[in-house]
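Hi,

Here is the structure I promised to pass on. My notes follow below it.

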Amino acid sequence: MNNKGATLMEMIVIIAIIGIMSSVLVMSFNVVYKQKTSSCAESIDSYLDRIRLETMSKAEGRYMVLYKTDTGTYMASTTDPATFAEDVSRDELVADKNVQIEFKLSNSSSYIKVAEGRRFYLTFDRMTGGFGREYISSEYVDCIRISLGGLQSEKVIRLVTDTGKHYIE
């Protein structure tokens, strides 16, 4: 007997295999996205440690600067925010263009995006070791949120203003 078609059972097996492969693919993308946000949060967290150490040990204060270009978000340090110049060849790329970095001021419930044309400056108080006020808004910052689009991949760096401590959630 010569069958030229597929049976119902064969079709069900094929659909099941496609479903399993699709779910594995989606889970692997989720792992990649979580790795991007985790890596970005860890980079910013360690840079905060470095800026705090430099601020406390040198005569002049240091600012951590986050800024966004069409290629991604960069991180740098400066002693004078008024004269800071972006230099993507020198500054550290902390996230690609798909990763969104936002910060929340202590007097607000909403987040402000680090976007092209909107830099974020954060410093430490040399006398107390606590966080200083953000340069542009002159407000204290509660946290920095790193996310990737509408996906379930988000990390938050909590900032303890009085002590200068920070931790990743």
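Ile17 sits in helix H1, residues 8-57. Helices (H or I, at least four residues) and strands (E, at least two) are DSSP runs, numbered from the N terminus. The model is predicted: local features need pLDDT of at least 70, side-chain atom pairs count only at pLDDT 80 or more, and totals for chains, interfaces and linings use all residues. Residues are numbered from 1 along each chain as its sequence is written, and side-chain values use heavy atoms, without hydrogens or water.

Ile17 has a relative accessible area of 44%, so it is partly exposed (buried is under 20%, exposed over 50%, partly exposed in between; 1.4 Å probe, protein chains only). With Leu8, Met9, Ile12, Val13 and Met21, Ile17 forms a nonpolar surface patch of about 650 Å² accessible area together.

**Strands E7, E8 and E9**

Strands E7 (residues 141-148) and E8 (residues 154-159) run antiparallel, joined by 5 bridges. Two strands pair if DSSP finds at least two bridges between them. E8 and E9 (residues 166-168) also run antiparallel, with 3 bridges. Arg158 in E8 is the bridge partner of Cys143. Arg158 also stands opposite Tyr167 in E9. The E8 and E9 hairpin has 6 residues between the strands, and Gly164 there takes a positive phi near 85 degrees.

**Ser138**

Most residues other than glycine have a negative phi. Ser138 lies in the loop between E6 (120-123) and E7. Its relative accessibility is 41%, so Ser138 counts as partly exposed.

Best wishes

Terms used
Patch = residues over 30% accessible without salt bridge, like charges linked within 9 Å, V, L, I, M, F, W, Y side chains within 5 Å. Areas by Shrake-Rupley, 256 points an atom, 1.4 Å probe, with all protein chains shown as cover. Salt bridge = Lys/Arg side-chain N within 4 Å of Asp/Glu carboxyl O.
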